[in-house]
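Have the model open as you read.

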Amino acid sequence: MMIVIENVGPATSVKLKSECVKKIKWGVLLGLMVLIYGSHAPLITLTKEDGQVPFNPSSCVVMIEVAKLLISLATLVVTDGTSALHAPPSFVLVAPYAVPAVLYALNNNLVVLMQAYMDPSSYQVLSNLKIASTALLYSLCLGRRLRNSQWLALGLLMFAGVCHSYSSLDLEDTESAEEGPRLHITLWGIFLVLLYCFVSGLAAVYTEMVLKSQRLPLSLQNLYLYMFGVAINLLCSLSSLASDKSFLEGYSGLVWVIISGQAANGLLMSVVLKHGSGITRLFVISCSMLVNALLSWAVLGLQLTPFFLLPAVTVGLAAYLYYRQ
């Protein structure tokens with residue numbers, strides 16, 4: 001009888017070390033994204049003067065897209081990714097990258113439009129449905145079959161989002177308002193929020209599909225994405241010139257920090273969609289809402305309630321169920 005001893009030599013050691021380094025890199029990347037996402041709202045609040053943001057929000061979006069475009073171009077040059085451009089890119093190659101920019105621009109306008117048909121608190125709670133829409137589109141469009149435990153995990157993730165949104169509602173003030181209940185939503189509002197959730201999921205899944213289907217350097221793909229992002233958001237900004245603020249009016253050092261952070265987050269998200277999945281994006285966003293609450297408590301002095309522990313524990317349980325082997 002021959003006894004076979006499994007190879008545990010240098011090759012195995014190198015492989016284990018490589019996997020460990022890879023996990024550490026992913027951990028750092030995702031942790032950084034959670035921190036940037038979670039700090040966005042508190043930083044915006046810190047810029048306010050007399051309860052109003054001192055800058056033009058649409059111009060800020062344009063500057064974020066410009067920053068991502070410039071960083072992508074610089075990365076392409078530094079990494080010698082320009083070698084992939086043997087000839088001017090064809091329209092068929094570049095055109096798909098316009099779709100995410102159009103979808104995200106549509107969603108930005110839907111957010112504004114929905115406010116006329118529902119109160120902000122109802123939008124905050126119902127927008128968690130985008131977790132379900134993203135998961136369904138991820139499974140249908142990309143052909144990724146999810147285990148029952150993973151569907152349960154995504155359901156818990158959505159539940160955690162609803163709990164967190166509900167815990168932030170000022171229900172006592174809502175009931176005692178002189179003008180009557182502030183919580184309201186119309187049938188048209190329900191349709192718009194469902195459309196918003198569908199478009200949000202479609203944008204994420206479609207972007208992932210495009211990034212993974214073309215064997216191009218990620219920096220070049222980002223360049224195509226943000227060329228359209230700059231163009232479409234610039235058009236949206238110019239079409240809303242009714243604002244009384246000029247393009248760069250009110251920009252402080254803190255505003256530039258916000259722009260830098262959001263630009264970095266957009267580029268990191270491309271890495272996640274290219275080498276990971278859009279579901280990971282959902283977990284990043286869900287974890288960031290907890291960081292947002294903690295930063296709001298630490299920096300802005302907002303009060304945390306014991307109810308905060310429920311979404312925190314639920315997100316942790318959802319992550320365990322989804323990623324366990």
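This is a predicted model: local features need pLDDT of at least 70, side-chain atom pairs count only at pLDDT 80 or more; totals for chains, interfaces and linings use all residues.

## Helix 2 against helix 10

Start with the face where Ser58, Ser59, Val61, Val62, Glu65, Val66, Lys68, Leu69, Ser72, Leu73, Thr75 and Leu76 of helix 2 touch helix 10. On the helix 10 side, the partners are Ser219, Leu220, Asn222, Leu223, Tyr226, Met227, Gly229, Val230, Asn233, Leu234 and Ser237. (Contact here means heavy atoms within 4.5 Å; helices are DSSP runs of H or I with at least four residues, numbered from the N terminus.) Sorted by class, this contact has 12 nonpolar, 9 polar and 2 charged residues. Ala, Val, Leu, Ile, Met, Phe, Trp, Tyr, Cys and Pro count as nonpolar, Asp, Glu, Lys and Arg as charged, and the others, Gly among them, as polar.

As for geometry, the axes of helix 2 (residues 57-78) and helix 10 (residues 218-239) come within 8 Å and cross at roughly 160 degrees. That angle is why helix 2 counts as roughly antiparallel to helix 10. (Axes are lines fitted to C-alpha atoms over the stretch in contact, with angles from 0 to 180 degrees between N-to-C directions; under 35 degrees is roughly parallel, over 145 roughly antiparallel, 65 to 115 roughly perpendicular, and the rest oblique.) The crossing of helix 2 and helix 10 is left-handed, meaning the near helix is turned anticlockwise from the far one by less than a right angle; clockwise would be right-handed.

Glutamate 65 pairs with lysine 68 in a salt bridge, with 2.9 Å between the closest N and O atoms. Both sit in helix 2, 3 residues apart, or about one turn of the helix. The whole structure has 2 salt bridges (a side-chain nitrogen of Lys or Arg within 4 Å of a carboxyl oxygen of Asp or Glu).

## Two other helix pairs

Helix 6 (residues 130-141) packs on helix 9 (residues 187-213) at about 40 degrees, with the axes 8 Å apart. The two are therefore oblique to each other, and their crossing is right-handed. By class, their contact has 8 nonpolar, 4 polar and 2 charged residues.

Helix 12 (residues 278-299) and helix 13 (residues 309-323) have axes that come within 10 Å and cross at roughly 160 degrees. So helix 12 is roughly antiparallel to helix 13. Their contact divides into 12 nonpolar, 2 polar and no charged residues.

Residues are numbered from 1 along each chain as its sequence is written, and side-chain values use heavy atoms, leaving out hydrogens and water.

Mean pLDDT (the predictor's confidence in each residue, from 0 to 100) is 84, and 88% of residues reach 70 or more. Over residues 171-181 the pLDDT is below 50.
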